[in-house]
Amino acid sequence: MADQEGQLDWDTALEALARLYELVDRQARALAAVHKDRICCRKGCSSCCKDGLTVFELEAMNIRRNHAGLLQTAKPHEVGMCAFLDEQGACRIYPSRPYVCRTEGLPLRWIDQMPDGSPVEMRDICPLNDQGPAIETLDLNLCWTIGPVEEALAELEAQCDGGRLRRVGLRELFAAGQR
Ligand code: SF4
Ligand code: SF4
């Protein structure tokens with residue numbers, strides 16, 4: 001529910017986040033199906049799960065609410081890899097993983113700036129999935145465009161946190177005694 005200033009309460013914002021995740025997952029699944037011959041992502045493959053990832057407070061809140069027990073009692077993975085990886089290289093918060101983890105492995109594209117300020121399109125993909133046609137040759141609709149979901153997330157975050165865009169480190173979510 002929004003107040004008179006358009007601020008959302010956390011429950012409403014978390015429901016909106018769940019809908020955004022559903023949309024991202026649906027679109028990411030469709031793209032992964034198109035690229036099934038090159039994408040080898042699977043449980044236990046985890047070199048993309050780097051340490052030091054930060055998320056908006058809203059995504060952090062989602063993890064806190066859904067994994068309170070884990071955060072209180074479990075140890076984070078040792079420094080060097082994402083704190084949420086387990087011993088087998090699987091994600092311990094997979095259903096609540098942040099947006100950025102939901103598109104990892106797909107051909108990614110985004111618009112950057114040249115030193116003279118002109119726009120330039122950049123592309124990237126996990127090296128393990130970099131087989132088949134060069135990603136530079138793919139139709140742009142066959143790549144995940146970085147930007148729109150980030151903007152939607154920032155808008156949602158600003159609506160529920162007094163206009164702030166707070167970032168939280170994933171490792172910081174574990175109880176201080178466990179870190
Ligand atoms: S993005 Fe790369 S490292 Fe991550 S699961 Fe997929 S293939 Fe493995
Ligand atoms: S939250 Fe899960 S999927 Fe995302 S980087 Fe960490 S272990 Fe990997």
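**Close-up views of a predicted model**

**View 1. Cys-82 and its contacts.** Leaving aside residues up to four places away in sequence, Cys-82 touches Cys-49, Lys-50, Asp-51, Leu-53, His-77 and Leu-170. Here, touching or being in contact means that two C-beta atoms, placed from the backbone, lie within 7 Å. This is a predicted model, in which local features need pLDDT of at least 70 and side-chain atom pairs count only at pLDDT 80 or more, while totals for chains, interfaces and linings use all residues. Residues are numbered from 1 along each chain as its sequence is written, and chains are lettered from A and ligands numbered from 1 in the order in which they are written.

View 2. Nonpolar covers Ala, Val, Leu, Ile, Met, Phe, Trp, Tyr, Cys and Pro; charged covers Asp, Glu, Lys and Arg; the others, Gly among them, are polar.

View 3. Around ligand 1 you will find Cys-40, Cys-41, Cys-45, Ser-47, Cys-48, Glu-104, Gly-105, Cys-126, Leu-128 and Asn-129. This shell has 6 nonpolar, 3 polar and 1 charged residues.

**View 4. Helix H1 against helix H5.** Helices (H or I, at least four residues) and strands (E, at least two) are DSSP runs, numbered from the N terminus. The axes of H1 and H5 (residues 148-160) come within 10 Å and cross at roughly 170°, which means that H1 is roughly antiparallel to H5. Axes are lines fitted to C-alpha atoms, for helices over the stretch in contact, with angles from 0 to 180 degrees between N-to-C directions; under 35 degrees counts as roughly parallel, over 145 as roughly antiparallel, 65 to 115 as roughly perpendicular and the rest as oblique. Among the residues making the contact are Ala-13 and Leu-17 of H1 and Leu-156 of H5.

**View 5. Helix H1 against helix H2.** With axes 10 Å apart, H1 and H2 pack at an angle of about 95°, so the two helices are roughly perpendicular to each other. Trp-10, Ala-13, Leu-14 and Leu-17 in H1 meet Leu-58, Glu-59, Met-61 and Asn-62 in H2. The contact of H1 with H2 has 6 nonpolar, 1 polar and 1 charged residues.

Key. A residue is near a molecule or strand if its C-beta atom, placed from the backbone, lies within 6 Å of it.
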